[in-house]
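Then we can walk through it together.

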Amino acid sequence: MAHLSLQGISKDFGNGSFAVKNAQLDVEDGEFVVLVGPSGCGKSTLLNMIAGLEEITEGSLKINGKLCNDLPSKDRDIAMVFQNYALYPHMSVAKNMAFSLKLRKVEKSEINRRVQEAARVLDISHLLDRLPKELSGGQRQRVAIGRAIVRQPSIFLFDEPLSNLDAKLRVQMRVEIRDLHHRLGVTAIYVTHDQTEAMTMGDRIVVMRDGLIQQTAKPLEIYNHPVNRFVAGFIGSPAMNFFEGQLARTDLGWAFHQPKGIHLSLPKILQAFAEAQGEGPITLGLRPEVIGSAQAYRDPNAPKLHGKIRVIEPLGAETYLYCDSETSNWTARVEQGDWSIGQNVALPLLSTRLHFFDAKTDVSLPIEQQTNAMATSQMGIFNEDTFA
Ligand code: ATP
């Protein structure tokens, strides 16, 4: 069991920019934390510094309160699972799993017990005599995890462990790893570039960009309250739609307006927010499920987004419409229906779920703080008099 504390951790490879800059993170005992971000954002470098595979340029790394910056990797009580499995090809599954314990001179009977137990937990007991080349990708990854489990580490580190697996197996393995973590109760840090993996696996998610931690929070907190446009666009699939326009005061109250584009009268609950912002450029964010949902259709006064359907993705449980309007392309998640390419649509919006971002800084503008009480009291459904 371990608590991990990163205070102002930075990594400078000496090539002009920091790979990781001033990372602050506390990982609680038994927590599953996912580092996520696009390629090159510094997530593997951060993981490698925790593992002791990469030197820390600045800051302090503490495990259970003990400064570990200069502690060799082997003494950190950490086990790592890599994307490429890193199994020894000439050793059987059992020998691969036993190897690190043998190096540590653990007694043979104890090694045997731990290997059998890990194999049972991972459902690979029948594979113990096989060589890695005789295994499927998913089985190899299970062996790699087994090799980490037998060490009984305080901290598990995973570096994109599912990247080499096909889509179906990834889903299965992600459930298995989460289930395993639940049963073992160890602290885990998991690196991925896949936001779905991050959302489904993490107790908390750390979103990184260009070496900087952007936001650290629970998955739904990040989804519902992204701190900026980058996080809003990175977390969620299909991605949030962004519309650049103006907050404008009209005879009917405040509106979001694009010259020659969309015009949305803002509901009453957003009037105070708009008043506080004042007229000027702003970016509107709409998640696909906010456009054309069954709930939005039930509101006769919902503002509508107009566009023409370019692509239809009928997935069964939901349908994605990729639409074009004069100034923007956007995606809507709608119900199954009689949609057709080239069709002109006017899809209702759930006006309780709008996001706004500062047009210059891309920082989220805090609508909720000003409107939460009203939004809650109105249960998210707007009547005619809801709009100004
Ligand atoms: P990916 O998902 O592609 O693995 P990542 O988010 O894990 O990306 P890192 O591998 O941590 O990113 O790299 C962060 C930055 O540091 C990148 O700009 C990368 O080019 C740089 N970098 C990584 N390792 C080294 C190194 N050994 N020497 C110099 N620069 C490096």
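## Before we start

This is a predicted model, so to speak of local features a pLDDT of at least 70 is needed, side-chain atom pairs count only at pLDDT 80 or more, and totals for chains, interfaces and linings use all residues. Residues are numbered from 1 along each chain as its sequence is written, and side-chain values use heavy atoms, with hydrogens and water left out.

Strands of a sheet pair through backbone hydrogen bonds, either parallel or antiparallel. Here, six strands form an open sheet with mixed pairing, in the order 6-7-8-3-9-10. Strand 6 (78-81) and strand 10 (212-217) are at the edges with a single partner strand each, so one side of each has no neighbour in the sheet. From one strand to the next, the twist averages 15°. Helices (H or I, at least four residues) and strands (E, at least two) are DSSP runs, numbered from the N terminus, and two strands pair if DSSP finds at least two bridges between them.

Strand 7 (residues 155-159) and strand 8 (residues 187-192) run parallel and are joined by five bridges. In this pair, F156 stands opposite A188 of strand 8. Helix 4 (residues 137-150) lies across strand 6 and strand 7, at about 175° to strand 6. Such angles run from 0 to 180 degrees between N-to-C directions, with axes fitted to C-alpha atoms, for helices over the stretch in contact (heavy atoms within 4.5 Å).

Another open sheet has five strands in the order 13-12-11-14-19, with antiparallel pairing. Its edges are strand 13 (263-265) and strand 19 (355-358), each with a single partner strand, so one side of each is left without a neighbour in the sheet. The twist here averages 35° from one strand to the next.

Five bridges link strand 11 (residues 241-250) with the antiparallel strand 12 (residues 253-257). Look for A248, which faces A255 in strand 12.

## Around the ligand

Which residues surround the ligand? They are F13, N15, A19, P38, S39, G40, C41, G42, K43, S44, T45 and E160, each with a heavy atom within 4 Å of the ligand. Helix 1 (residues 43-51) gives the largest share of this shell, three residues.

Oxygen atoms of the ligand have polar partners (N or O atoms within 3.5 Å) in several side chains: the distance is 2.7 Å for K43, 2.7 Å for S44 and 2.5 Å for T45. Taken alone, the ligand exposes 640 Å², and the protein buries 56% of that (Shrake-Rupley method, 1.4 Å probe).

Notes
A polar contact is a pair of N or O atoms within 3.5 Å; within protein, one must be able to donate a hydrogen and the other to accept it, and residues adjacent in sequence count only if both atoms are side-chain atoms.
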